[in-house]
Amino acid sequence: MKLTIDHLTKRYGKHTALDNFTCDFTSGVYGILGANGSGKTTLMRMLATVTTPSSGTIQYNGKNIFELGDDYRDVIGYLPQHIGLYKNFTAEKFLYYIAALKGLDQKYASLKVNELLELVNLSDVRKKKVGTFSGGMKQRIGIAQALLNDPKILIVDEPTAGLDPKERIRFRNLLSAISGDRIVLLSTHIVSDIEFIAKEILILKSGRLLHKQDPQKLLSEISEKVWLLQVSEKEIAKYQTLYKVGNIVRSELGAELRIISDERPSPAAVLAKPNLEDLYLYYFEEDQDVSAAQI
Amino acid sequence: MNKRTDLEMNNDNELEMWLEEFKIELPEEGKIEETIAMLHQYVPEKKESLLTHYIPSLLKNAYKESIKFSIAFWISNLLYLIVGLSFVLVADDPYMALFLLAPLPVLVGIVDIFRSRDEGLLELELSLKHSPSQIILSKLLIIGIFNLVCNIVLFFIIHFFAEPVILGDLLRYWALPYTVTIALCLFLSIKFRTIFAVPITIAVLFTLGMSVIQLDSLYAAIPDLVFLTIFAVALIVITLEINQINKGVYHEIND
């Protein structure tokens, strides 16, 4: 099973949302990391055949996905960033509706609906209208619908938005558990979503693919760029202006800053072991959702 | 004891070495995929019958879709029949009832047709096996057939309980407003949300209807050929709009 993306570009008028994107995906979880507007959603939409590329190709096992059409859509599960739901449908009816549109037969659909409602912990509210659901519950029903056809390729765009930390962990474990024999593409700007489950992390910036590597290799690239520095309260502002500051831990002695910088910010600074949060900060400017990365 | 263990171990090693000859390494996943892809060309393709070619999954979906129509669609059709019947049996002019009421159930149906787009579900539906275009067309098919049945019932009632149905009158008071209204509503719905498209169409329909009531003698004097031409143009417009829906134009507009 292989998904091959070759020089994929998407333009909206003069704006290039995705620029010459090339890579291969095989079984496993891939985390697509990028700030808002980096091209993650555009990539996901093309992979889900929701929109067509301006140029370039996407091939599933050597065949163009847009030519495969129904046959390709048969093997994918897609959770869009903003999922709409028919408010007057119950959770169960909504899943049956999607199952019908996925072409599943009634018996199999019934089996999967029950199994997935259980999996996403919505069995007890199966008869409730989705219009009454909280954001997290809507997201969970979205995840359930994506898994209805037991997809070979699961495309989830910002799936943990609106989920509380417990639900987020549950979702992460769920993805990890089902990823064995399928390609899972997960786009996010929340690093903790992919930190422990991604086989490889793709970093997208301004529509371009900067890196595609396993997390450890990515982290090794910034192994000498993360510093810990003890400063006084007065010096915090100065360092914040000069460097990317990831964390500020205050204590009686002042504050310990976690600084991401190519050079040693001060002779007193000591190297620290980098994490994905540091990596995110290293590649993305602070005005691009740093706060989101720190969750 | 030790001797026996050594002997056993020797036997095990020997057995293992012997079995090694029969061991087949699991090929790499890529090689398995390549073999499947290679063999795939020899798998005979299922022959597509002419019927399934021309009416793909439209009819197959139609039944499934019908149960998902909102209750408003079925009620509006029922109301149309009841109100239409009372016009036929009570009022003098059953044709004006056809003029004003016949398109209404279809307009309600159009709200249902574009519901997924209007409620933000289109993004998801576009990724499903049955595309939204197929879904919309199958819904159009249901609406068209069901409404046609309702109309035929009404024609029979008019014919047998009010006055004999004249084809020319049917063209003026049913076919023409019916097709023009649907063409206009589809045109607007492709471009805007149905929450705007449907009320605008209803307003246009009722304005036209009231004008015809006021100027009925003038309307009746217009030659049939003019009506036939407008009717034909409306049918062509509807066909073009269905073609646009099939191409997915209604959702690419905001892409």
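How many of the 295 residues in chain A are buried? Buried residues make up 45% of them. A residue is buried if 20 or more other C-beta atoms lie within 10 Å of its own, exposed if 12 or fewer, and partly exposed in between, with C-beta atoms placed from the backbone.

## About the model

This is a predicted model: local features need pLDDT of at least 70, side-chain atom pairs count only at pLDDT 80 or more, and totals for chains, interfaces and linings use all residues. Residues are numbered from 1 along each chain as its sequence is written, while chains are lettered from A and ligands numbered from 1 in the order in which they are written.

## Chain A as a whole

Chain A has 11 helices and 14 strands. Helices (H or I, at least four residues) and strands (E, at least two) are DSSP runs, numbered from the N terminus. The radius of gyration of chain A is 21 Å, close to the 19 Å from the globule rule for 295 residues, so chain A is as compact as a globular protein of that length. That radius is taken over C-alpha atoms, and the rule is 2.2 Å times the number of residues to the power 0.38.

The C-alpha atoms fill a box of roughly 70 × 45 × 35 Å along the principal axes. Now take the contacts in chain A between residues at least 6 apart in sequence. Of these, 67% join residues at least 24 apart. Two residues are in contact if their C-beta atoms, placed from the backbone, lie within 7 Å.

## A mixed sheet

Six strands of chain A form an open sheet with mixed pairing, in the order E6-E7-E8-E3-E9-E10. Two strands pair if DSSP finds at least two bridges between them. E6 and E10 (208–213) stand at the edges with a single partner strand each, so one side of each has no neighbour in the sheet. On average, neighbouring strands are turned by 15° against each other, direction ignored.

Inside this sheet, E3 (residues 28–33) and E8 (residues 183–188) of chain A pair in the parallel sense over 6 bridges. Gly31(A) has Leu186(A) in E8(A) as its bridge partner. Helix H6(A) packs on the sheet and touches E6 and E7 of chain A. The direction of H6(A) makes about 165° with that of E6(A). Axes are lines fitted to C-alpha atoms, for helices over the stretch in contact, and angles run from 0 to 180 degrees between N-to-C directions.

## Antiparallel strands

Strand E13 (residues 254–260) of chain A pairs with E11 (residues 226–231) of chain A in the antiparallel sense, over 6 bridges. Here Val231(A) stands opposite Ala255(A). E13(A) also runs antiparallel to E12 (residues 244–251) of chain A, and 7 bridges join them. There, Lys244(A) stands opposite Ile260(A). A hairpin through 2 residues joins E12(A) to E13(A).

## The nonpolar core

A nonpolar core is a set of buried Ala, Val, Leu, Ile, Met, Phe, Trp, Tyr and Cys residues joined through C-beta atoms within 7 Å. The largest one has 134 residues, of which Leu95(A), Ile155(A) and Leu185(A) touch the most other members. Helix H11 (residues 167–191) of chain B gives the most to this core, 10 residues.

Which residues does Leu185(A) touch, not counting those up to four places away in sequence? Among them are Phe25(A), Tyr30(A), Met44(A) and Ile155(A). Met44(A) is one of the buried residues of H1(A). In that helix (residues 40–47), 8 of 8 residues are buried.

## Positive phi values

Most residues other than glycine have a negative phi. Asn121(A) has a positive one, near 65°. Asn121(A) lies in the loop between H5 (106–119) and H6 (135–147) of chain A. It counts as partly exposed, with 13 C-beta neighbours inside 10 Å.

Asp150(A) is not a glycine either, and its phi is positive, about 50°. Its place is the loop between H6 and E7 (153–157) of chain A. With 13 other C-beta atoms within 10 Å, Asp150(A) is partly exposed. Thr49(A), which follows H1(A), has a positive phi near 60°.

## Where chain A meets chain B

The contact takes 25 residues from chain A and 17 residues from chain B. On the chain A side, H3 (70–73), E6 (76–79) and H4 (91–101) each supply at least two residues. H4(A) gives the largest share, 4 residues. By class, this side has 13 nonpolar, 7 polar and 5 charged residues. Ala, Val, Leu, Ile, Met, Phe, Trp, Tyr, Cys and Pro count as nonpolar, Asp, Glu, Lys and Arg as charged, and the others, Gly among them, as polar.
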